[in-house]
Protein chains: 2
Amino acid sequence: MIKIALAQRNYHIGNFESNTNKIIQTIKEAQSHGADLVVFAELCVCGYPARDFFEFKEFIDLCAQSAQKIAAVCTDIACIIGLPTYNLKDEGKDLFNSAYFIEGGKVKAIVNKALLPNYDVFDEYRYFEPETEFNCIDFKGYRIALTICEDLWNTIENPLYITRPMDKLITQQPDVMINIAASPFAYNHDEERIDILGNNAKQYQLPLFYVNQVGAQTELIFDGGSLVFDAEGKLIDELPYFKEHVAYYEFEKQAGVPKVSFKHQHTIKSEYTSNIEQIHQGLLLGIRDYFYKSGFSKAILGLSGGIDSAVVCALAAEALGPQNVMAVLLPSRFSSDHSITDAEDLVKNLGCLSETIYIKDITEAFEGALHPQFDNLPFNIAEENIQSRSRAVLLMAMCNKFGYILLNTSNKSEAAVGYGTLYGDMCGGISVLGDVYKTQVYELANYINREQEIIPQNSIVKPPSAELRPGQKDSDSLPEYDILDTILMEYIENRKSSSEIIALGYDEQVVRRVIKLVNGAEHKRYQTPPILRVSPKAFGMGRRMPIVGKYLS
Amino acid sequence: MIKIALAQRNYHIGNFESNTNKIIQTIKEAQSHGADLVVFAELCVCGYPARDFFEFKEFIDLCAQSAQKIAAVCTDIACIIGLPTYNLKDEGKDLFNSAYFIEGGKVKAIVNKALLPNYDVFDEYRYFEPETEFNCIDFKGYRIALTICEDLWNTIENPLYITRPMDKLITQQPDVMINIAASPFAYNHDEERIDILGNNAKQYQLPLFYVNQVGAQTELIFDGGSLVFDAEGKLIDELPYFKEHVAYYEFEKQAGVPKVSFKHQHTIKSEYTSNIEQIHQGLLLGIRDYFYKSGFSKAILGLSGGIDSAVVCALAAEALGPQNVMAVLLPSRFSSDHSITDAEDLVKNLGCLSETIYIKDITEAFEGALHPQFDNLPFNIAEENIQSRSRAVLLMAMCNKFGYILLNTSNKSEAAVGYGTLYGDMCGGISVLGDVYKTQVYELANYINREQEIIPQNSIVKPPSAELRPGQKDSDSLPEYDILDTILMEYIENRKSSSEIIALGYDEQVVRRVIKLVNGAEHKRYQTPPILRVSPKAFGMGRRMPIVGKYLS
């Protein structure tokens, strides 16, 4: 029998001191629990994704130094850690995405990742050479098939890769599979993960221990949810989502049959039952880690009285504490009375800080300065945007004076169709809702209000408006959000063409106009803040479109 | 004897109608010149880089339809075109990066790219499966080894890939090599290209025809410079740089020895003798194609009297015509008299349009509105940035009212150390100098003035200043630019660590401060416009760094 600890930890990219200390502390803790082996996540030594830090030799050397420190404490316990290592062959890329198996104070075995995800938010073939040789690791009388994340991911139909590492490893008759991962959150990803990993356990008739990272790295949120399967492919344990955790298991063979047992209360699928609950937790972690890992604590945002900024404000207050959230009301001559009272009600409900700054004198100063050029041309988008940009200048001035980070409040529907002002409401250090469609923002608002009214009901029920001209409503220039969001989802998430979407029963003119808006807003999205990713296809690093391109489905 | 036409053309990503028409016109033109074979560049059918357009089935189908139209005109002439095609096998990625060899109105052979660049600005493994089988093509008694771009690029020391396609193809005893490419410009890239391709010709003892794309696609500038080598590896012809061109060659074997001949005047290395000349041409093409391919014609920029905006203004006037360039002087209370006169002199020299808008009332309106919050706190970066951002709001209002695109005027040194105001002078549709270090900006200014003073000498010789507070100079907060730029080059282009740079003889404190500034400005660079790429390591898609990361060399 061996006792295995699964360590689901929150790392910080390039923070070797903090990551190494955390790993060493966890090893000591596991040792005091009598563990034989502690399993950490993929690339835990440096954090994930370290991106082009991998191009610096010094960065790779720092990873190696951290590994030496970790190895030094592993005299009476073994551990598995993830880090980049040099490819010693002349040919091929210079690095591998590796796992060290450390035992007796030394690196006993090195396993390299074979399948390198290079789609959506992943760029691993940018840095790493795929491994082509596979060997199991013997430990205390058991044989371990150790793989890294994507290596077990190639079991779907129409597989992305032409090799399957476990097909090679299984010939060496392992007793158990261990997979270390850095698998980011999307609201549908936990189920997919359980399916794919369960199928591996079933197919190879081996128990599987899977350890994921937890914690946010700018836009990517790692949700944890590390998993244990029995040799029939049945999920037998699931670590918590969105928080750190260490769990212990006993593994043995009885009459040649591998068996996993554990003593703690397990939590399979008990915590999160809906996508919106998961998104809520993910965004809280995303905000919290963005501030914590950047060394900031105070957020600022413009509060319009509308639903988007209300939801962002509520999330920020929950993530950072209301005393660390400054909501600024920035009414103009077009702001309705209810906008101000709705915003004030929210501030009261949350207990966050607030200021009110009127923009009338500022927009008049702009219009006055531009009078010779504009020469009585009619009010149009130029003047609308001056309002939005004046607000951004005020919010950024507050940031510069007091050390706030500005939270962007655009939602995914707006970001998709370019319904927002570049250098205006599209500003911010991080976009909280940029991967949440408007219809999901409503769901989030209702979820936030699940126990009591935090977001004023009026912000939820009134027709959405940017209030940049008298009586303006979003529906003047956009289809209703339930229709818009479905079309967007088909185009963005499902990569359907306009004719395919029309064939689903949507109005041809509406579909063509929406898709034209999406493609025409690439230049805007290029310059927006990083967006907390909660869906399988978020704007940003996961969706890379040409700016000057003509293709229009 | 066969007559081969090399077609160096400017494509537009996703503009199937224009690309297909251009290809067909060129085929007809070549036919009238008696050509047997016309060779077009890699992915010419869709333009390069089409990025995530490749994830749309409709996009791939449109490529196939274009190829059919092109094939239909090739009844009496053959051609080679580049396009994505489906991988028909179940396993592996869904697409290949392919070349069609079209003859007799039909696709006679398909060659797929084996080596997929996935570094710097390249993401080809995101979309394509690497080919593993290699076959030559027989045409009119000659055997052609056809490869795609990177397939010939693996001859350097410490090669990136473990296979070499020409090592396979050479066993089939080809008579000639043809390589089709989409190889973007960097000021040092033409020499590297000639070296590597010449070495291929020499190593395999075969003549080599190499066709590159020309034209800019947002940030990437393709410089053309298609090449012909003899079987000894000697460069025997070089097509023009930065413009379209079609050239004709006769290829035959005399006594078994392959030989290339041609009648036109060739232009080897005659046109561009310095990096600065190349950068100048590249930026002109970059600006011109950005506007042309976006369907815009008029540029606007803020003209400060400093060297950066002066150089951008001169480049824009040359690229778009001075009548299409609006220079806006935006003086503040801190602007020196010479700033205004230097800017006015430039406008006169160029003959472009100009306006002057004073920002004093606007910044006072902001400061007045913020008075209750700022409460007599001392003037600092908050007020400095208000000036820069007020200018951006004015320039964007002009864009919105009159249909200009704003040109960003930040240089690479500023972009590197974050010496610029986000949503202020860091705004724009495209950054012209964001890949040009300040010391190179001076060289560019002198080059622009090579025949007569266009940029006022005073803009060149005066100490650089952002003029955001009284008497401010860049050198107050930054090292002198010749030192700064060398440190930046070592860190950004050469990925040296701070200790390696210090070992080169630079002051430790200065090096550490500069590198800290670079790493601390990732969040700013994330939100800046696309940058015309002229160096081997530009900010943007070619340099992908974590925002919330701790590693600091």
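Before I come to the axis, a word on how it is found: copies are superposed by least squares on the C-alpha atoms of residues with pLDDT of at least 70 in both. What we have here is a predicted model, in which local features need pLDDT of at least 70 and side-chain atom pairs count only at pLDDT 80 or more, while totals for chains, interfaces and linings use all residues. Residues are numbered from 1 along each chain as its sequence is written, and chains are lettered from A, with ligands numbered from 1, in the order in which they are written.

Chain A is superposed on chain B by a rotation of 180° with 0.0 Å of shift along its axis, at an RMSD of 0.0 Å, and the two copies are thus related as by a two-fold rotation axis. Of the residues of chain A, the one that comes closest to that axis is A:Q527, whose C-alpha is at 2.1 Å.

Now to the interface, where I call two residues in contact if their C-beta atoms, placed from the backbone, lie within 7 Å. On that basis 79 residues of chain A are in contact with 79 residues of chain B, and the largest share of the side of chain A that touches chain B, 14 residues, comes from α10(A), helices here being DSSP runs (H or I, at least four residues) numbered from the N terminus. Because 100% of the interface residues of chain A are also interface residues in chain B, the copies meet through the same surface.

Finally, chain A is divided into domain 1 (2–267) and domain 2 (276–472 + 522–526), with bounds that come from an automatic or database domain assignment. The C-alpha centres of these two domains of chain A lie 40 Å apart, and their contact takes ten residues from domain 1 and nine residues from domain 2.

Technical notes:
Helix = DSSP H or I, 4+ residues; strand = E, 2+ residues; numbered from the N terminus.
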